[in-house]
Amino acid sequence: MLRPKRQGPDPKRNAMLELTVFFSGALVMVLEMVGARVLAPYVGTSAIVWTSLIGVVLACLALGAWAGGRMADRHLSRRGLALALAGAGLGSALTALCHALVGQWVTEGIGNLYVAAVAAAVGIFALPAFFFGMISPYAIRLRIGSVDTAGATVGRLYALSTAGSILGTFLGGFVLISFFGSASILWGVAVCMLALSLCNAAKGGTI
């Protein structure tokens, strides 16, 4: 006996999810690219600092992905995705507000460069990176309409996220850092993520 296929989200919601994944991928790379300049006054710009920044951001993205996947299985809704997006936006705003305070504390309190670089990266970027990590698995869970096409859906959204990350890398490294201050870029990331949160919250519903 044939079973009817589950009806997926409508095309407008699909498009919104795909745009969300793309722009989130871009903005997290902008955050990471500006991160080195944020850390520079406190711990320098050596390979140790870059290694600490990349490692901390990747670790927090991984934790966020784990948490986002679990939350999607338990409480799946567009508002849940909106909360993750808002968390990334508010985390970026908090980074813009408090990075000098955290950096100064690290400079004064920790003498070892390796420990200081990791501590500064955690204190300044862990919160927004964690929420950024939640976005892709949550969006994928929302986007999957049928098990039969789950692989294609996951592949498409990861491709969009990666494409966004490529754009964000070049945009951050070639344009934004050259023309804007670190605080302005961080506030821009925060505003964009909060705007994405509002767009997704407006969709409402469970899928």
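Setting aside neighbours within four places in sequence, Phe125 is in contact with Leu31, Gly35, Val38, Leu39, Leu53 and Thr95, where contact means heavy atoms within 4.5 Å. The model is a predicted one, so to speak a set of computed values: local features need pLDDT of at least 70, side-chain atom pairs count only at pLDDT 80 or more, and totals for chains, interfaces and linings use all residues. Residues are numbered from 1 along each chain as its sequence is written, and side-chain values use heavy atoms, with hydrogens and water left out.

Phe125 also turns up in the largest nonpolar core, which has 51 residues. Such a core is a set of buried Ala, Val, Leu, Ile, Met, Phe, Trp, Tyr and Cys residues joined through side-chain atoms within 4.5 Å; buried is under 20% relative accessible area, exposed is over 50%, and partly exposed is in between, with a 1.4 Å probe and protein chains only. Along with Phe125, the members that touch the most others are Leu39, Val43, Leu81, Phe132, Ile135 and Met193. Helix 4 hands over the largest share, 15 residues. Helices here are DSSP runs (H or I, at least four residues), numbered from the N terminus.

Over in helix 3 sits Gly103, which counts as buried because its relative accessibility is 0%. Leaving out neighbours within four places in sequence, Gly103 is in contact with Tyr42 and Ile124. Gly103 and Ala120 are 17 residues apart in sequence, yet their C-alpha atoms are 6.0 Å apart in space.

Then there is the largest pocket, with a volume of about 340 Å³. A pocket is an open set of points on a 1 Å grid over the protein atoms alone, where a 1.4 Å probe fits, with protein on both sides within 12 Å along at least five of seven lines; lining residues have an atom within 4 Å of a point. The volume is the space filled by probe spheres set on the points, which are joined across faces, edges and corners. The lining has 18 residues, and Leu61, Phe132, Gly133, Ser136 and Ser161 lie nearest the centre. Helix 1, helix 2, helix 4 and helix 5 each give two or more residues to this lining, with helix 1 giving the most, 6 residues.
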